[in-house]
Amino acid sequence: MLSALLVMAAIAGVLGAVLGFAAIKFHTEGNPLVDKIDAILPQTQCGQCGFPGCKPYATAIASGEVTINKCPPGGEEGIQKLADLLGVDPIPFGSDTQTKPKSVAIIDENTCIGCTLCIQACPVDAIVGAAKQMHTVIAAECTGCELCIAPCPVDCISMEVIEEKITNWKWKYPVYALTSIEPASTAGAAQ
Amino acid sequence: MTEYLLILVSAVFVNNIVMVKILGLCPFMGVSKKLEAAIGMGAATTFVLTLASGSSYLINHYLLGPELSYLTTLSFIVVIAGIVQFTEMVVQKTSPMLYQVLGIYLPLITTNCAVLGIPLLNVQAKHNFMESIFFGMGGALGFTMVLVLFAAMRERMEGADVPVIFKGSAIAMVTAGLMSLSFMGFSGLIK
Amino acid sequence: MKKLYHFHGGIHPPSNKAQSTQLDIARTPLPSKLIVPLHQHAGETAKPVVHAGEHVLKGQLIGMPDGFVSSAVHAPTSGSISAIDMQLIAHPSGLPNLCATLIPDGKDEWVERKPIANYRSHSTAELQQLLRMAGVVGLGGAAFPSDIKLRTGKQKITTLILNGAECEPYITCDDMLMRERAAEVVQGAEMLRFMLDADHVLYGVEDNKPEAISALQQAITASVPILQQNKRHEVVAIPTIYPGGSAKQLIRVLTGLEVPSGKLPTEIGVQCFNVATACSVYRALAHGEPLLSRIVTITGNVRQARNYEALIGTPIGELVELSCTLPDTNGYIMGGPMMGFSLPAVHVPMVKATNCIIAASEHLFPPPPPVMPCIRCTRCVEVCPADLQPQDLYWFAQSREFGRAQAFSLFDCIECGACSYVCPSHIPLVQFYRFAKSEIRAREHDKQLADQARERHEYHEQRIEREKQEKSEKLKAKEKAAQTAKLACSQPLTSQQQAEQAGLEASRAHIRELAQSSVEHAKD
């Protein structure tokens with residue numbers, strides 16, 4: 001009996017010492033996972049995920065509070081990349097999230113009253129203007145988050161879908177016939 | 001010399017711990033999605049198994065002896081847990097990337113039935129010290145080889161046109177079963 | 001005999017070149033209108049410098065180069081600009097782009113031309129600027145501004161290669177150019193050699209063009225007084241194989257050097273220009289003529305296949321009518337059968353990159369047979385000139401695993417079409433690679449935008465923080481000032497201040513009395 005206890009105590013003691021020594025020698029710190037997740041997110045800062053920006057959403061994913069399918073601007077590829085990073089299975093978008101085509105905001109200059117409410121709302125400072133001066137959206141910096149539309153008191157901001165031009169045209173996925181399809185002929189009627 | 005070679009060949013091919021003895025399936029299915037992760041896991045398991053086989057033989061032979069043989073399983077588990085924790089710290093320090101990729105499966109090596117099974121098989125077969133080490137190393141090499149092969153096949157199947165109901169784990173199980181069948185063909189290799 | 005090397009793979013499709021080399025190069029009549037796209041070169045679109053209604057002369061600048069990689073665009077003939085707007089252009093997307101439409105007045109009046117008497121007395125930088133303003137771009141197909149290709153930095157160029165290979169079936173424009181205007185090609189080549197300070201010039205011509213080879217050799221011999229040392233120019237007959245005319249492959253065959261992945265030929269001391277580009281360089285410098293026309297092969301389902309010297313901006317429909325297309329023509333291909341694309345419509349204009357128009361029909365280009373799964377026969381690997389694994393690239397492209405495709409060197413693919421040509425399952429491999437490449441480029445662009453947005457957002461947050469800080473500091477300072485003012489109030493008043501206070505109190509009392517009496521009056 002005693003020998004058993006002594007043996008187990010000895011093993012535990014030796015292992016404890018080894019692990020304690022290793023904990024000091026191989027000490028690491030930090031959790032760069034949040035930054036890695038944030039690097040995948042599209043930085044639209046739109047809040048559609050339910051968090052006030054992309055970094056808070058990344059932090060929530062890293063702590064496991066929320067699923068990875070909440071970001072419509074990231075699309076299916078975003079979910080796939082997050083799934084690969086975290087080593088989980090990709091899940092499709094829920095019924096509550098809907099993906100929209102990429103668009104930029106445009107201010108109707110005839111209606112703008114220069115109130116600066118939209119400038120304060122823009123998370124990437126893409127609107128140029130000052131009090132009582134004309135406001136305008138820098139199209140190249142606009143991420144299409146739509147946060148400026150609600151604050152505008154005269155409803156002069158609208159979203160314009162980015163249309164396909166020669167500069168942003170992409171080759172399409174090749175769709176080809178697997179079998180040649182015969183048009184429906186009298187053979188069907190004869191039956 | 002030849003006995004050691006025979007033990008090695010037997011452990012790697014004829015009595016492959018995953019395919020023939022059906023041990024250690026948890027990391028086999030869980031870590032085989034990416035080839036780099038599989039190689040890392042195999043290396044970690046080899047390190048753990050070799051150390052575990054050696055130290056468990058020493059503990060069993062010198063510390064426990066015939067009177068305290070009922071403490072075998074308990075002391076083996078304690079030693080394996082300690083070694084795995086040590087390995088985890090080493091991996092986190094030397095390769096944080098691999099640590100991130102392996103995720104939860106690194107500490108799960110503790111509960112890997114192959115890692116407990118091989119020392120127990122050593123006890124059952126009454127191997128001496130060198131034989132235990134070779135059996136442990138061989139088993140781990142066999143585990144690594146099968147894990148890498150399976151990961152390569154799964155990566156290949158990522159792009160394949162698998163029917164929806166079979167996608168993911170289902171087709172992986174089918175593949176594993178077929179691999180197991182083919183490994184059974186090694187029986188009779190060593191007379 | 002020059003030692004030749006080999007590149008991996010290659011195919012031998014039927015050349016179909018004999019149809020269009022029977023007759024010499026024909027001049028074309030002035031078309032009814034000219035639609036000149038402002039973006040017919042690699043790089044930025046040219047900025048229009050004329051407006052609708054303006055009258056222009058032949059060779060007048062209508063598009064100014066914009067940015068480092070850009071080239072100029074000129075009026076191909078004299079006439080009036082009827083519009084500068086979006087028109088359908090020759091592009092596989094079928095989308096329009098900015099064009100200047102010119103209605104010729106029939107006079108074909110030249111603008112004042114400034115030829116250079118002796119180019120050797122000018123610096124390379126000056127000559128490069130002249131070529132940029134003359135709109136000289138690569139006429140081999142990519143239309144890369146030639147002045148950029150002449151910038152070598154500190155790298156020493158040993159060999160200038162003139163590409164007269166023309167490996168693609170049906171195309172014969174370079175062949176006819178070399179036969180008829182070899183002297184201009186050689187003079188242009190010497191100008192390029194001078195600008196690059198190369199040691200020697202090699203003309204790579206496929207051995208199925210014996211007339212072109214002998215014409216170039218005669219031109220070199222005849223040009224001895226003009227060339228500094230005619231031994232520096234050598235015509236080399238290379239074996240006929242597709243795609244031997246691709247720049248990297250031609251460099252390998254002639255010099256044995258391999259251009260490393262992602263690097264330019266100049267980094268290994270070689271530069272490669274098309275023979276037609278050399279001809280344009282000669283005309284731009286020695287005659288002061290900007291690039292206004294080029295030789296186009298019209299072939300395929302036509303009565304008389306031929307090469308034409310056509311003005312840039314000629315509507316292709318008018319051009320193919322000169323060769324009389326047969327009635328069963330069902331489409332037109334710009335370029336060759338391997339690397340060309342189908343035109344969205346026949347009235348699109350011809351551009352600097354248009355080397356050939358093939359009239360297609362059912363019997364010449366039958367519809368492709370049904371596609372079958374990849375059987376991993378690796379015939380595609382055997383023929384790939386870039387030493388790639390087309391079957392793996394196809395596997396990753398069709399399952400959208402773009403990371404793996406890039407790891408397998410997808411961007412080294414030159415899209416020559418040799419793999420699709422030999423595939424027994426008739427898989428359109430090059431379409432998959434193009435799809436994968438454009439998806440990867442779009443994703444990298446999106447990532448760049450996302451990184452920019454992240455930076456702006458972080459600055460936005462910092463700015464808000466800073467404003468909050470400043471506000472709270474201001475508030476603190478105000479409070480402090482109020483505090484000190486209050487302290488001043490609690491001290492005893494001086495006699496003057498006492499008198500002021502008394503006076504104020506008296507006037508306040510007087511006002512109160514007046515108010516009281518007026519209220520009483522109102523009550524009555």
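## Contact between the chains

Two residues are in contact if their C-beta atoms, placed from the backbone, lie within 7 Å. By this criterion, 15 residues of chain A are in contact with 17 residues of chain B. The side of chain A that touches chain B comprises 11 nonpolar residues, three polar and one charged; here Ala, Val, Leu, Ile, Met, Phe, Trp, Tyr, Cys and Pro count as nonpolar, Asp, Glu, Lys and Arg as charged, and the others, Gly among them, as polar.

## Basis of the model

This is a predicted model, in which local features need pLDDT of at least 70 and side-chain atom pairs count only at pLDDT 80 or more, while totals for chains, interfaces and linings use all residues. Residues are numbered from 1 along each chain as its sequence is written, and chains are lettered from A and ligands numbered from 1 in the order in which they are written.

## Fold and extent of chain A

Chain A has six helices and four strands, arranged along the sequence as α-α-α-α-β-α-β-β-β-α. Helices (H or I, at least four residues) and strands (E, at least two) are DSSP runs, numbered from the N terminus. Chain A is more spread out than a compact globule, because its radius of gyration is 28 Å, well over the 16 Å that the globule rule gives for 191 residues. This radius is taken over C-alpha atoms, and the rule is 2.2 Å times the number of residues to the power 0.38.

## Domains of chain A

An automatic or database domain assignment divides chain A into domain 1 (33-86) and domain 2 (100-170). Their centres, taken over C-alpha atoms, are 24 Å apart. Seven residues of domain 1 of chain A are in contact with eight of domain 2 of chain A; on the domain 1 side, two are nonpolar, five polar and none charged.
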